[in-house]
Amino acid sequence: MIRLSGPRAAEIVRQVVPGFDTETSRVSHLAKIRHPTTGTVLDEALVTLFRRPHSYTGEDVVEISVHGGAVVPSLVLAALIAAGARQALPGEFTRRAVASGRMDLLQAEAVADLIDARSRMGHQVALSQLEGGLSRRIADLRNAILDLEALMAYDIDFPEEDEGTVDRRRVTEALDRTLHALDGLLATGDTGEMVRAGALVVIGGAPNAGKSSLFNALVGRERAIVTELAGTTRDAIEAVVEVRGWPVRLVDTAGLRESTDIVERLGMEISERYLADADVVLLCAELSEELAMLLKRSQTITSAQVIPVLTKVDLRPMAVEGWDSTPLVHVSARTGAGIDTLTERISSSLGERFAQGVADVPLLTRERHRKAVAAARSELAAFREAWAVNDPPSSVAAIHLHAAAHHLGELIGSIDVEDVLGRVFSTFCVGK
Ligand SMILES: Nc1nc2c(ncn2[C@@H]2O[C@H](COP(=O)(O)OP(=O)(O)O)[C@@H](O)[C@H]2O)c(=O)[nH]1
Ligand SMILES: [Mg+2]
């Protein structure tokens, strides 16, 4: 589909579809598309006009559904450019939708998240954000702060007024309520980021333990290089998979052991870094004694949930003597035994790691959101402190309130924020 937006959209389309009805909105017409100067017929297409403001961008929009393929779309595009259109910038349609008030910045980000969603969880959260869940929550908090600001302004303007003086308890209560709500929202940041980027599940353990084979078994296709030489996987390999509904970044690392080979050692440093950042670690070894030792060692490297995995169970009996710590999972990448139990364990470990469920939407899903909410929170806390001792006087303290409201306004995009817009839309794809 080729989409045009802007005040000249209909006029430009008239040049490639002579006689195009520019009056009837939201009705599809089957029409021949012609080059504007040569008149050559390029395609037969469905052409639909959406008159402003009832369109995606809020401007006049024309959508042309052409036959796909390599040639037709580019010929039609060239014809439209010859007729006066220009190619859109990445995210420009959505940016225009924000500019005309069709959606706010948080909803625009949700459009990108919806397209990029790699799991049902990601899809669900993005959809709720697009529908305005997070926007309403932020707007409510901002309104509460603006109310306080108004109260302060009244206090500053009429300090001697008898009934005009502000009820101190009312202010303190409203403040605490808002601070509490901001804290609650900040607490969703971990889960929000996980839903968008995926939880980090790292496969670690001894070299040759069968980590790459397990990685392949979990990813479900040959992705990592599997060999019989110890220390083949020198870099970390990553795949994005869905594990029982959880969006997961699964990482295969080089084994944990001493090495003199400099390249391999580099790989191990990378492993340790991954292990340190992990949400869940699948710690692999062939023998239970080795696994017990690794488990001890891993505790100094990571604070993640560690699942001990005994590999290659097709080679030996499952009975494990003297194992009394965290329950083991026995797997065989070769036969597929234990893989289901392992995904079950990954899922429950993620459930523990991300106690804040996805059902508790809205969630803060980006660094940008967390920074803005944290900044608003700290301004509000600064105001509370100043207000409690009434020094500096209200007029000075109120500056903090103003700043807090500003941070939240910037988050929604309800105030002029050119540089924020630039940052948000730079990651969009063309045509959205
Ligand atoms: N019998 C058996 N062999 C396995 C299994 N998983 C891996 N291997 C073998 O063990 C060797 C090392 O496997 P690899 O996945 O490269 O281990 P890594 O070094 O930990 O990544 C290879 O020869 C694999 O074929 C398994 O479940 N059963
Ligand atoms: Mg490997």
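Mentor: Start at alanine 285, which sits opposite leucine 310 in E9. Bear in mind that this is a predicted model, where local features need pLDDT of at least 70, side-chain atom pairs count only at pLDDT 80 or more, and totals for chains, interfaces and linings use all residues. Residues are numbered from 1 along each chain as its sequence is written, with chains lettered from A and ligands numbered from 1 in the order in which they are written.
Trainee: Which residue does leucine 282 stand opposite in E9?
Mentor: Isoleucine 307. Strand E8 (residues 280-285) and strand E9 (residues 305-310) pair in the parallel sense over six bridges. Strands here are DSSP runs of E, at least two residues, and helices are runs of H or I, at least four, numbered from the N terminus. Two strands pair if DSSP finds at least two bridges between them.
Trainee: What do E8 and E9 make with helix H11?
Mentor: With H11 (residues 288-301) they form a right-handed β-α-β unit. Right-handed means that, with the strands pointing away from the viewer, the path from the first strand over the helix to the second runs clockwise.
Trainee: What's the strand order in the open sheet?
Mentor: E6-E7-E5-E8-E9-E10, six strands with mixed pairing. Strand E6 (237-243) and strand E10 (329-330) are at the edges with a single partner strand each, so one side of each has no neighbour in the sheet. E10 runs parallel to E9, joined by two bridges, and valine 309 has valine 329 as its bridge partner in E10.
Trainee: Why is E9 largely enclosed?
Mentor: Five of its six residues are buried, so the rest of the structure largely encloses E9. Buried means 20 or more other C-beta atoms within 10 Å of the residue's own, with C-beta atoms placed from the backbone.
Trainee: New topic. Which residues touch the most other members of the largest nonpolar core?
Mentor: Val201 and Val281, out of 78 residues. Domain 2 (112-188 + 379-425) and domain 3 (197-353) both contribute residues, so this core lies between them; the bounds come from an automatic or database domain assignment. A nonpolar core is a set of buried Ala, Val, Leu, Ile, Met, Phe, Trp, Tyr and Cys residues joined through C-beta atoms within 7 Å. Apart from it lies another core of 22 residues, including Val16 and Ala79.
Trainee: And which residues of helix H1 are buried?
Mentor: In H1 (residues 9-16), Ala9, Ala10, Ile12, Val13 and Val16 are. Down the helix axis they fall within an arc of 160°, taken from the directions from the axis to the C-beta atoms, so they line one face.

Key: Buried ≥ 20, exposed ≤ 12 C-beta atoms within 10 Å, placed from the backbone.
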